[in-house]
Amino acid sequence: MRGSAPDMADPNQLFDDTSAHAGSPAMGYRGQETPGMGFPAQALLTEPMSNFAVAYGSSLASQGKELVDKNLDRFIPISKLKYYFAVDTIYVGKKLGLLVFPYMHQNWEVRYQQDTPVAPRFDINAPDLYIPAMAFITYILVAGLALGTQNRFSPEILGIQASSALVWLIIEVLVTLLSLYLVTVNTDLTTIDLIAFSGYKYVGMIVGVVSGLLFGRTGYYLVLLWCCIAIVVFMIRTLRLKILSEAAAQGVLVRGAKNQLRTYLTMAIAAAQPVFMYWLTYHLVR
């Protein structure tokens, strides 16, 4: 039995074959050596490529940002929008008081500094977008509350209420722009100014609906009537300085067909505010 292992070997083989045992570690060592030898070359190739990719991606991102800002500023002047939101608490309080009670206010001219109107927080007569935007959102919330007290609330109805109010605002601004173009009024009124002036009526609408919820339809009609008269006075005294000629703005009597058209246009814009105020609120109070 002891000689069985040697007997199994090839009788013609003079030496034992040790390559099967000794070759494995050597091959394993060489196999481990290969990645280590290839790593520096791979790193040298990978780092420049990754740096180039990062630089190229950053360049594309900066170019895309500049392109978006340029095209966005063409349609939505972001820099100008910042001016209309430059308000503070004191301005908001005074402006809300002016919208509800404009009868005692004397000076309606917008102040300028180096041919640039000062920020709204420094001038109560300057138009802003903060109050119209917040008033529009608050109007939608108050409308939802009014519908809820009447068991008529649903997301669909509230969505219709919001979309209809927004559509009427857009129509009002577009009609005003078209009227200014047809009358050939040379004014510094911008589209954003018209949106701001048209959005001030939501303040009176909120006050009217809340009064209707608290005091019924009688309270709604009385308060809404007050707010309608106030917004008409506010719009006439504000827009006459923008739409009428310089002489008319200074109080000088000016005659002529063009000035009459401008006067009628100013009164028409002001008279349209109570119509929208009633149309968008009468169904909320029962």
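Predicted model: local features only at pLDDT ≥ 70, side-chain atom pairs only at ≥ 80, totals over all residues.
Student: What is the overall secondary structure of the protein chain?

Tutor: The chain has ten helices and two strands. Along the sequence the pattern reads α-α-α-α-β-β-α-α-α-α-α-α. Buried residues make up 33% of its 286 residues.

Student: Why is T176 called buried?

Tutor: Its relative accessibility is 8%. Buried means under 20%. The value of 8% falls under that cut-off, so T176 counts as buried. T176 lies in helix α6, residues 155-183.

Student: Which residues does T176 touch, leaving aside neighbours within four places in sequence?

Tutor: T176 is in contact with L194 and I269.

Student: What lies 2.8 Å from a polar atom of the T176 side chain?

Tutor: The backbone oxygen of E172 does.

Student: Why is I171 called partly exposed?

Tutor: Its relative accessible area is 37%. Buried is under 20%, exposed is over 50%, and partly exposed is in between. Like T176, I171 sits in helix α6.

Student: What makes up the nonpolar patch on the surface?

Tutor: V167, W168, I171, V175, Y221, Y278, W279 and Y282 form it. Together they have about 720 Å² of accessible area. Two elements give two or more residues each: α6 and α10, the latter spanning 257-279.

Student: Which element supplies the largest share of the patch?

Tutor: Helix α6, with four residues.

Student: How do you know that Y84 is buried?

Tutor: Y84 has 6% relative accessibility. The limit for buried is under 20%. Since 6% is under that limit, Y84 counts as buried. Y84 is found in helix α3, residues 78-84.

Student: Which residues are in contact with Y84, beyond neighbours within four places in sequence?

Tutor: P127, D128, L129, Y130, T190, I192 and D193. P127 is 43 residues from Y84 along the chain, yet their C-alpha atoms are separated by 6.9 Å.

Student: What makes the link between the side chains of Y84 and T190 a polar contact?

Tutor: The distance is 3.4 Å. A polar contact needs a pair of N or O atoms within 3.5 Å, one able to donate a hydrogen and the other to accept it. The 3.4 Å pair is within that limit, and therefore the Y84 and T190 side chains are joined by a polar contact.

Conventions:
Residues numbered from 1 in each chain as written. Heavy atoms only, no water. Buried < 20%, exposed > 50% of the residue type's maximum accessible area, 1.4 Å probe, protein only. Contact = heavy atoms within 4.5 Å. Patch = residues over 30% accessible without salt bridge, like charges linked within 9 Å, V, L, I, M, F, W, Y side chains within 5 Å. Areas by Shrake-Rupley, 256 points an atom, 1.4 Å probe, with all protein chains shown as cover. Salt bridge = Lys/Arg side-chain N within 4 Å of Asp/Glu carboxyl O.
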